[in-house]
Amino acid sequence: MGMKLSEELLWRGFHAETSIKEPADLDTRPSKKFYFGADPSADSLTIGNLAALMMCACFVRHGYQPYLLAGGATGQIGDPKENGERDLKSLDEVEHNKSCIAKQMQQVIRTDDLVMVDNYDWFKNINYLSFLREVGKSFSMTQLLDRQFVQNRIGEGGSGISYAEFSYTLIQGYDFLHLYRTYGIDLQLCGADQFGNCTTGIHLIKRLENATADAWSTPLVIDPVTGRKFGKSEGNAIWLDAKKTSIFDFYQFWLNQPDESVEYLIKIYTLLDKENIDQLMLEQKEHPERRAAQKALALGATEVVHGKANALAIANLTERLFGGNLTDLAEDEIAEFGAFLACSKKGVMLFDALVETGLTSSKSEARKLAAAGAITINGEKVTADTQINQVALLKRGKNKFSVVK
């Protein structure tokens, strides 16, 4: 017998604040529908968002139907930050971002039962006075002012808060109410930082529909190296979009996780079951030098986001880049690497190629690194600028590569 939903959620660590009294209630819930929302504040989600999506995928594996919301309306306001107002996005930017993140959510939550919704579809026709009468009258100012993010913004030393951002929680709460009325959805999934907004919807459904709804949240994933959460606001974002974080860099991020973090992360970011993960961790303990758990984490997380073919190709590429003598690589092998590594064209000067492909930020940095012996062409150290007229693999330091072809 496999795990029940409640058991798997607790084992993987997908459990923070919730309105549900007993996790086991999820196993026998009459309505097996949930919704999860993401605002289009950027044109890509990050691995911070991915953790919550992996929780959603867990619910789907246990028979729940997902409704994924791309916030075309809430994205025009912006979820309030702890320390200041968000810059408003243009409507065109919101529309572009919404399209991008919707595709990414569908990539992770793969099921024929998926329903995509956009809160702009119902907010564009809402009358302001009607919204105030129905939603605004359902909350006291005391309830809203007690929210932690509001206290942080209006308290001593706070930056203040606009009426628009102050109202954000009412907009999100109405989303839950609308989805309950339209689809019978009575469960919202979220990251722990959104739980307060979820309770707004719970309150509205109880007050206006005399019905019970719930929210289940997952903890924010903390970077084990820096101690900060994974996310774009922290400046340490790993993006799901391959144009923002290459598939190679995405794979390397997971491969380079420390031993003490890998079990925590592999439960969250892969689809491996308990039996497989337990076996991996046993091997990791007995032979840590093999880094079996890190390799499984990197392969599994990359497969979730970029597909099995890309994940296997990157794993093979990594073995070839780090497992042998780079001076023995044939030109056709190096050319294949160009599908996943940044490239320059033959005839380029070395220092220009290093800047073009992002291995260095400037030609002066390239010059310093070359002089220090940190730059190689096809495995051979190069200490001065030179023209590259053949297919070549450039390497900076231990693990940064690009291709000239």
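Trainee: What makes Phe 250, Phe 253, Trp 254 and Tyr 269 a cluster?

Mentor: Ring pairs link these four residues. The model is a predicted one, and rings count as a pair if their centres lie within 6.5 Å.

Trainee: Why is the pair of Phe 253 and Trp 254 called edge-to-face?

Mentor: The ring centres of Phe 253 and Trp 254 are 4.9 Å apart and the planes stand at 80 degrees. Edge-to-face requires planes over 60 degrees apart, so the pair is edge-to-face.

Trainee: How do you know whether Phe 253 is buried or exposed?

Mentor: Buried means under 20% relative accessible area. Phe 253 has 17% relative accessibility, so Phe 253 counts as buried.

Trainee: And what is the relative accessible area of Trp 254?

Mentor: For Trp 254 the value is 0%, so Trp 254 is buried.

Trainee: How many aromatic pairs are there by this rule?

Mentor: The count comes to 12. Among the pairs is that of Tyr 35 and Phe 176.

Trainee: Why is the pair of Tyr 35 and Phe 176 given its type?

Mentor: Their ring centres are 5.6 Å apart and their planes are at 65 degrees, so this pair is edge-to-face. Tyr 35 belongs to strand E1 (residues 33-38) and Phe 176 to helix H9 (residues 168-183), so the pair links distant parts of the chain, 141 residues apart. Tyr 35 and Phe 176 are both buried.

Trainee: Which residues touch the most other members of the largest nonpolar core?

Mentor: They are Ile 47, Phe 59, Trp 254, Tyr 269 and Leu 393, in a core of 74 residues. Helix H2 (residues 47-61) supplies the largest share of this core, 12 residues. A second, separate core has 29 residues, including Tyr 67 and Leu 170.

Trainee: What is Ile 47 in contact with, leaving aside its neighbours within four places in sequence?

Mentor: Contact means heavy atoms within 4.5 Å. Ile 47 has such contacts with Phe 230, Ile 238, Leu 240, Phe 250, Phe 253, Trp 254 and Tyr 269.

Trainee: Where does Lys 244 lie?

Mentor: Lys 244 is over the face of Trp 239, at 4.5 Å from the ring centre. The distance cut-off for a charge over a ring is 6 Å.

Trainee: Why do strands E6 and E9 stand at the edges of their sheet?

Mentor: The open sheet has five strands in the order E6-E12-E11-E8-E9, with mixed pairing. E6 (343-344) and E9 (380-381) each have a single partner strand, so one side of each is left without a neighbour in the sheet.

Trainee: How do you know that E6 and E12 pair?

Mentor: Pairing needs at least two bridges. E6 and E12 (residues 400-404) have two, in the parallel sense. Cys 343 has Val 403 in E12 as its bridge partner.

Key: Residues are numbered from 1 along each chain as its sequence is written. This is a predicted model: local features need pLDDT of at least 70, side-chain atom pairs count only at pLDDT 80 or more; totals for chains, interfaces and linings use all residues. Side-chain values use heavy atoms; hydrogens and water are left out. Helices (H or I, at least four residues) and strands (E, at least two) are DSSP runs, numbered from the N terminus. A nonpolar core is a set of buried Ala, Val, Leu, Ile, Met, Phe, Trp, Tyr and Cys residues joined through side-chain atoms within 4.5 Å. Buried means under 20% relative accessible area, exposed over 50%, partly exposed in between (1.4 Å probe, protein chains only). Rings of Phe, Tyr and Trp (its six-membered ring) pair if their centres lie within 6.5 Å; planes under 30 degrees apart count as stacked, over 60 as edge-to-face and the rest as tilted. A charge sits over a ring if NZ of Lys or CZ of Arg is within 6 Å of the ring centre and within 35 degrees of the ring normal.
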